[in-house]
Structure formats: C-alpha cells, structure tokens
Amino acid sequence: MTAPLAAHTPMMQQYLRVKAEHPDKLVFYRMGDFYELFYADAEHAASALDITLTARGASAGAPIPMAGVPHHALEPYLAKLMRQGESVVIVEQFGDPATSKGPVERRVARIVTPGTMTDANLLDAKRECLLAAFVPTAKRAGIAWLNLASGAFTLTEVALAEAAGVLERIAPAELLLPDAAEAPTLRMRMPPLRALPEWQFDREAAQRALARQLGTLDLAGFGADDVPLAVGAAGALLNYAGGTQQSALAHVRALAVELPSAFVALDPATRRNLEITTTLSGDDAPTLHSLLDECVTAAGSRMLRQWLTQPLRDQRLLGERHDGIAAFLAQPRSATALAETLRRTVDVERVAGRIALRNARPRDLAGLRDTLARLPAVAAAVEDAATPLIASARASLALDAQWPALLTRAVAAEPAAMVRDGGVIATDYDAELDELRAIDANCGAFLVELEARERARTGIANLKVEYNRVHGFYIEVTHAQVGKIPDDYRRRQTLKNAERYITPELKSFEDRALSAQDRALAREKQLYDELLDALAPAIPALQTLAKALALLDVLANLAVRAQSLSLVRPAFAAEPGIVIRGGRHPVVERQVEAYVPNDVVLGGDRRLLIVTGPNMGGKSTYMRQTAIIALLAYCGMFVPASEATLGPLDAIHTRIGAADDLAGGRSTFMVEMTEAAYILNRATPESLVLIDEIGRGTSTFDGLALAWAIAHRLAERNRCLALFATHYFELTALASELAGCANVHFDAAEHRDGIVFLHAVADGPANRSYGLSVAKLAGVPAETIRQARSYLARLDQFSARNDVQADLFGGGAPSPTTTVAADPRASELLERLEALDPDALSPREALDALYALRKILRSDQ
C-alpha cells in the first residue's frame with residue numbers, strides 16, 4: 001500500500017509523480033550511480049532480472065521495496081526486459097547534487113518499448129524492429145508500421161481476413177490498437193499489445209499530424225488518400241513513437257503506401273511451409289534466408305530478408321535485379337573487392353536514425369566518418385559492373401564532401417565510448433576546449449617543476465608534490481622534516497608518518513586544474529550536441545546512401561551464392577505457366593548426400609498435376625522446390641535448376657502438413673479445411689497452388705470425396721497451376737475426366753533388405769504406396785508389420801469381391817455382381833501365409849508352419 005503523496009519525502013514525491021504518468025511501465029529512477037525501482041516495479045524487476053530486492057524508508061508503516069541496477073550496466077537489463085515485452089521509463093538526473101536545494105532535478109529522458117528500440121546494443125543487427133498500429137472495421141483493416149531505427153514508415157489497407165497475414169509477414173515487435181478493438185488472431189507469437197484511446201486513431205487529426213511531420217500540405221502525394229484506416233493507424237503510431245523519444249522524429253520524412261497488387265501474395269501457411277526465414281520448428285536455420293545470406297553488412301541481410309518475404313510481380317523490376325546479379329557473376333573480382341570494402345563499413349541506416357534522434361554515440365560518428373572515407377573504394381569496385389540498378393546505387397555514393405570533412409575535423413580518431421568520458425572531440429576543432437585540455441595535460445609537468453622548486457627552497461630532499469581524488473593536490477613532508485617547512489604551508493592532512501600541506505600557489509593551480517577538467521567535459525558535451533545538430537541536414541542523403549550500400553551488398557552476395565549453389569537466371573513469359581528443368585530444393589540439397597533433380601511442366605494442358613507415390617518418395621520436396629523456385633524468381637534472384645521459365649504469378653498458396661490449433665479451438669482437420677477454403681476462395685489462373693494429402697484427418701470416404709471435389713474446383717473454377725499430392729489412388733482417374741489434368745508419380749524399388757526410394761518423377765500414376773515397407777523402415781515391430789500385411793490381404797480380397805472403386809465417382813449405382821462363394825479354407829490359408837516372415841523363421845519353426853498349413857488344407861477331408 002502506498003501512502004498519500006504528501007507523506008513521502010520530496011525525492012519519493014518526485015518519483016511517484018513520474019510513476020503516476022506511466023502506470024503501465026517500469027520506472028528506472030536515476031539516483032547517483034544506480035537506476036532504482038520502487039514498490040511493485042521493484043518486485044517485478046527483481047523477479048524478471050534476477051536482481052536483489054531490498055527496501056528504502058517506509059510507507060504507511062511498511063518498508064518501501066527497492067531494487068536497482070548500475071547506471072553503466074543498464075543496457076543488458078533493458079535488453080532482457082524488451083525480450084519479455086516490458087516497457088521502461090528512464091528518468092535521469094539533470095541537476096547538480098552539489099548545488100541543488102532540495103531533491104535533484106530529474107526528468108524523463110526517454111521511454112524504451114519493444115517496438116521503439118534504437119540502441120545498437122538492444123537491436124538485432126540483422127532484423128527489423130517494427131512498431132505497428134492496427135485499426136479494424138467490420139470488413140477492412142488499416143495497418144501502419146514504423147522502423148524507428150531507420151525512419152521507414154509504411155501504410156496498407158486490406159480486407160480484414162488478410163490482416164493477420166500482413167501482421168505475420170512484418171512481425172512487429174509491438175502492436176498498437178484502439179482500446180475497443182478486438183486483437184487479431186495470429187499463428188506467430190503475439191507481440192505486446194498497447195490499447196490506446198479511440199480518439200488517437202482519428203483520421204482527420206492523423207492527416208494533420210502526418211502532414212506536419214512530412215512537411216507537406218496533405219498526403220495526396222504519397223497515395224495515402226485511398227487508405228483512410230491506415231492513415232488513422234499511422235497518426236496514433238507517430239504520436240506514440242514521438243512520446244517515447246521525447247524529441248522530434250527528424251528522420252521520418254516519407255510515407256510508403258503498400259499496394260497488395262504489387263506483390264506476389266504469400267499467405268501465412270505458405271510462409272511457414274516454405275521455411276523462408278524460420279523452420280517449422282521455429283529455428284532460424286536451415287532456411288532459405290540462412291542459406292542465401294552471406295551478406296557482409298547487417299543492412300544487406302535485412303534487405304535480403306525483405307526481398308524474400310515480399311516477392312514482386314513487376315517482371316521489369318525483377319529483370320533489373322537479375323541483371324545486377326549477372327553483372328557481378330561476370331565480374332567476380334568486383335564482387336570480391338566490394339565485399340572487402342563493405343566489410344569495414346558501419347550500419348549507416350541505423351547511425352543516421354540515431355543522429356536524428358540525438359542518441360548517436362561518439363563511436364557511431366567515428367564509424368560513419370570512416371565509412372564515408374571508403375565510398376570512393378566502393379564506387380571503384382562496382383565501376384565495371386554497369387547495369388541500371390548498380391549505376392543508380394553508385395550515383396547515390398556521391399555524398400556532399402562537407403559531411404565527411406566535418407566528421408574528420410570534429411571527431412577524435414579513436415573517441416571514447418561515451419561523451420561523459422571525454423576525449424570525443426578532435427584536437428584543433430575548438431580553441432576553448434584545447435586550452436582547457438592543455439591545463440589538464442600540463443598538470444604533470446607543473447607538479448614536477450613545483451616539487452623541484454620546493455625541495456630547493458626548503459632543503460627537504462624527500463618532499464613530494466602529489467594528487468589524489470579525495471584530497472586533491474598536496475605537498476607531503478615526513479614528520480622528521482616538519483621543522484623545515486616555510487610559513488606559507490597550510491596543513492591539509494595528518495598521516496602516521498607524514499604531514500600533507502597546501503600552499504597558496506598550489507591551491508590556485510588546483511582550482512584552475514580541477515575546474516578545467518569539469519569545464520572541458522561540459523564544453524565537449526556542448527560541442528557534441530552542436531555536431532549532431534549540424535549533421536541533421538545530412539540525414540536524407542545518409543538514408544539514400546544506406547539503401548545503396550545494402551543493395552550492392554545484396555546483389556554481390558546473391559552472385560556469389562549463385563556461383564557456389566549452381567543457380568541459374570530464370571526467364572519470364574507472358575502467359576501463365578511454369579517450366580522447370582532439373583529443379584532442386586536448395587536447402588534439402590545441402591542436407592543429403594545425393595539429390596535427384598526433377599522437371600516440372602505446368603500450364604496449358606497440364607494445369608493440375610496429380611502426384612502419387614510412396615511416403616518418403618519425394619512428393620513433398622518436389623512440390624516445395626517448385627514453389628521455392630517460383631518464389632526466388634519473383635524475388636529477383638537466381639534459381640536452383642538447369643533451366644526455368646515462369647509466366648505471371650500473383651500468389652503462392654500451400655496446404656501442406658498436419659497441425660492443430662488448440663489455442664484457437666481448431667482440430668487438425670479443421671485447420672486443413674480452413675486452409676483449403678482460403679485457397680479455393682482466392683486462387684486465380686496466375687496462382688501456384690500446392691495441395692499435399694488433403695482429407696487425411698477424417699474418414700476415408702469423406703476425405704476422398706473432399707479431395708476429389710477440391711481437385712475438380714481447382715481445375716474447373718480456379719484454373720490455377722496446381723500440384724496435388726495424394727495417396728488416394730482413385731484420384732488418378734481425374735486425368736481422364738478433367739481437361740488440363742495429368743498424372744505424375746514417384747517410384748521405389750523393394751528388395752529383401754528393404755526399400756530404395758528413387759526420388760525421380762515420371763509421368764503416369766503410381767501402382768502402390770509402399771506404406772508397410774516405410775513402416776518397417778521406421779522401426780515398427782515385425783509382428784505388427786505381419787499383422788498389418790495380413791489385414792491388408794483381407795482388405796484387398798474384400799475390394800476384389802466388391803469391385804466398385806472403378807466407378808466411385810461415376811454418379812451411378814454400382815452394377816450388381818454375382819460372386820461364387822469362396823472356399824473358407826482358402827481365406828484362412830491366405831491369411832496364415834501372408835502372416836509368415838520366412839526370413840525370421842528358424843528351420844524348426846518353418847517345418848511347424850508347413851505342418852500347420854497342411855492341417856488346414858485337410859481339415860474338411
């Protein structure tokens with residue numbers, strides 16, 4: 001229980017006023033060398049950070065819980081709290097404790113939340129940290145997201161059903177939404193949610209705030225008039241982000257409106273199934289991104305991730321990317337020289353953001369200075385790789401010479417980590433600072449000269465002139481020599497064996513020297529702040545430069561990976577279709593000893609391929625590799641094949657694997673049907689669809705009927721390019737009744753030791769599934785395999801006697817058949833024979849089995 005405000009000390013009153021303004025955040029309150037937390041914040045932080053919980057003073061008769069962390073070690077604790085989804089208010093001391101009357105002046109310096117981190121030590125260098133806002137209505141949703149570290153600001157508006165897919169793609173670190181809105185349902189880990197008052201999402205207020213931020217009359221020039229819900233979301237987001245930084249967002253100077261029609265749609269299931277950036281188990285590797293990413297800059301890795309998760313539909317833009325990769329492939333020395341130079345650059349995008357937010361550190365500026373000095377080397381490295389995209393990036397390297405010159409003059413060659421440590425501003429940049437530093441630097445020489453003079457004046461040979469932080473400057477004389485001291489010596493400290501004195505001359509020097517240090521640090525802080533102000537006009541050029549460096553890194557990296565992974569340039573066609581020769585799955589290929597390439601032909605009279613074959617035969621890999629090749633081509637990258645030609649593509653949809661959604665109350669079969677419905681309601685003739693074993697989660701005939709109907713709709717209504725893998729062999733009959741449908745299969749070969757999967761696709765349907773052989777290979781007990789084989793024989797016999805499957809979907813009733821009653825001994829003999837495993841029998845057991853079979857045969861005689 002907290003006592004009334006007036007019952008607390010002035011310092012605690014100060015703290016409680018800040019806490020009242022931020023009740024949902026942890027308040028880190030600076031007190032000397034520590035950031036302290038009190039009351040519930042202290043208890044929560046002690047548990048979350050594994051730090052000691054203590055107490056300070058009392059409130060309402062009870063001790064006040066307190067916990068703290070050292071001010072110089074704050075960032076590791078902040079990083080831990082951010083990973084837990086917490087938000088933190090940093091309260092700094094702005095007053096001087098020595099001169100303050102009453103409590104030292106303290107103010108909120110910044111607010112750190114999971115979506116507004118900008119410090120290098122808090123951010124993942126290779127991932128974007130995004131703050132998003134979400135505004136839903138009955139049918140539509142507006143989404144805005146901001147990368148505060150770079151200033152990139154994006155808006156989009158989609159159907160409400162598509163909103164979860166957008167949020168899963170951008171994976172925000174923090175999500176804002178109106179307090180009356182229902183949170184979206186995501187399959188990914190839900191980010192921290194911040195419910196804000198409805199009025200903060202008002203569209204008209206947002207338009208005015210955004211226009212002020214961007215320096216424009218309205219938002220028409222950004223194409224934002226068509227996304228009113230997203231504009232409201234952007235206004236709330238801008239206000240929230242500005243409040244966390246306690247300053248203007250000077251680097252947010254543009255809006256990008258994302259139109260879904262510009263990109264190849266990838267639904268959430270497809271992103272998971274293709275393992276683009278995350279494996280199905282949630283790991284970062286092995287994935288498509290981990291395989292391709294050997295970029296030498298963090299910004300390059302982030303751009304590569306963006307390309308992979310947002311493929312383009314414009315074949316002209318894709319061609320420019322392909323041209324850039326081909327240019328570096330043709331000039332491998334250029335790619336090598338570029339990588340060596342870029343390896344020694346800093347993350348210009350994030351440094352520019354920190355300059356704008358005025359929290360750039362000295363070593364950020366030193367790294368930026370050194371990076372700008374290397375730009376001529378970067379330009380020289382790409383001079384021979386001339387394509388429109390590379391030429392445009394090279395032109396962006398021509399930065400105004402005043403900026404590198406300013407940084408060279410202002411920043412020390414090797415500055416300290418923090419401004420408060422001094423040694424940040426270069427010598428000869430400021431005369432006043434140089435003079436203050438000279439006083440401090442000449443201190444040692446003065447003390448040596450004074451010591452020599454005093455020894456000569458007093459005749460005390462062992463007299464010492466020294467300094468310590470507690471007592472300042474002093475003259476030390478042993479007790480045996482105290483009788484020789486002059487009259488102007490004033491005692492400063494008595495020791496066991498000596499006395500320490502101060503003289504008027506030494507006191508005068510002490511005042512000047514000690515104040516010079518403080519004044520030098522204050523002057524450096526002032527000069528550093530002025531330097532950040534002076535660099536502010538360079539931010540737009542630095543942002544353009546950062547994109548150019550990242551682009552060059554990505555193109556050179558993709559050229560190197562194309563060479564090492566044997567990737568080829570895809571071709572584009574005007575008509576829908578996919579033709580792949582010698583296609584491979586690039587990730588799986590690296591995990592196996594020998595990979596069998598396969599062809600895919602989709603389009604025209606082969607729009608729907610029914611894929612059959614044994615488990616583990618390669619069907620799922622075959623389908624995934626087709627989708628990955630299409631994805632890479634439409635990301636502007638080379639593909640794992642000997643040849644590939646692709647027509648227009650608007651979406652890639654997949655229904656692969658089995659997974660339930662217990663939290664959402666959906667069974668495995670319900671998830672399967674939901675994903676199938678999503679595809680059937682969206683696929684077009686320019687969509688690529690992968691369906692893997694649909695209908696497994698219900699009864700055999702229900703599943704078969706659904707699979708048959710879904711395949712019919714894909715072929716007749718959607719008319720998309722589809723690969724349809726199944727173990728329902730009845731579906732192979734679709735090739736004879738549906739135009740544009742064909743059969744392909746994977747085969748296997750059995751021998752006495754097991755089964756060999758051929759992994760090669762061929763035309764026509766498979767003749768069996770080899771399920772029992774795969775079960776044996778998996779380690780299912782031999783007795784269970786024998787029982788399964790026996791039951792399979794009975795099922796086959798039943799099927800043969802009731803031969804209706806040939807006309808399962810024919811629409812008419814099966815023809816009556818006349819069957820001859822079977823000899824009951826034949827059924828029993830067949831069952832016993834099928835159950836035998838000759839390889840597992842001893843000679844004695846084999847003889848016993850033979851006698852048993854003869855006994856059955858003679859049973860009616």
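Select R321 and W307 to begin: R321 lies over the face of W307, at 3.8 Å from the ring centre, where a charge counts as sitting over a ring if NZ of Lys or CZ of Arg is within 6 Å of the ring centre and within 35 degrees of the ring normal. Then select R107, which lies over the face of F94, at 3.8 Å from the ring centre.

This is a predicted model, in which local features need pLDDT of at least 70 and side-chain atom pairs count only at pLDDT 80 or more, while totals for chains, interfaces and linings use all residues. Residues are numbered from 1 along each chain as its sequence is written, and side-chain values use heavy atoms, with hydrogens and water left out.

Next, turn to rings that pair with each other. Rings of Phe, Tyr and Trp (its six-membered ring) pair if their centres lie within 6.5 Å, and planes under 30 degrees apart count as stacked, over 60 as edge-to-face and the rest as tilted. By this rule the count comes to 10 aromatic pairs. One of them to select is Y15 with F38, an edge-to-face pair with 4.9 Å centre to centre and 70° between the planes. Y15 sits in helix α1 (residues 10-21) and F38 in strand β2 (residues 34-38), 23 residues apart; helices (H or I, at least four residues) and strands (E, at least two) are DSSP runs, numbered from the N terminus. Both Y15 and F38 are buried, where buried means under 20% relative accessible area, exposed over 50%, and partly exposed in between (1.4 Å probe, protein chains only). To see a cluster, select F446, Y467, F473 and F509, which are linked by ring pairs.

Now move to the charged side chains. A salt bridge is a side-chain nitrogen of Lys or Arg within 4 Å of a carboxyl oxygen of Asp or Glu, and the structure holds 44 of these salt bridges. Select R358 and D529, whose side chains meet in a salt bridge (3.9 Å, N to O). This pair links distant parts of the chain, 171 residues apart, with R358 in the loop between α12 (348-356) and α13 (362-373) and D529 in helix α19 (residues 504-535). R358 is partly exposed because its relative accessible area is 37%.

Finally, select R523 and E432, which meet in a salt bridge (3.7 Å, N to O). R523 lies in helix α19 and E432 in helix α17 (residues 431-441), so the pair ties together parts that are 91 residues apart in sequence.
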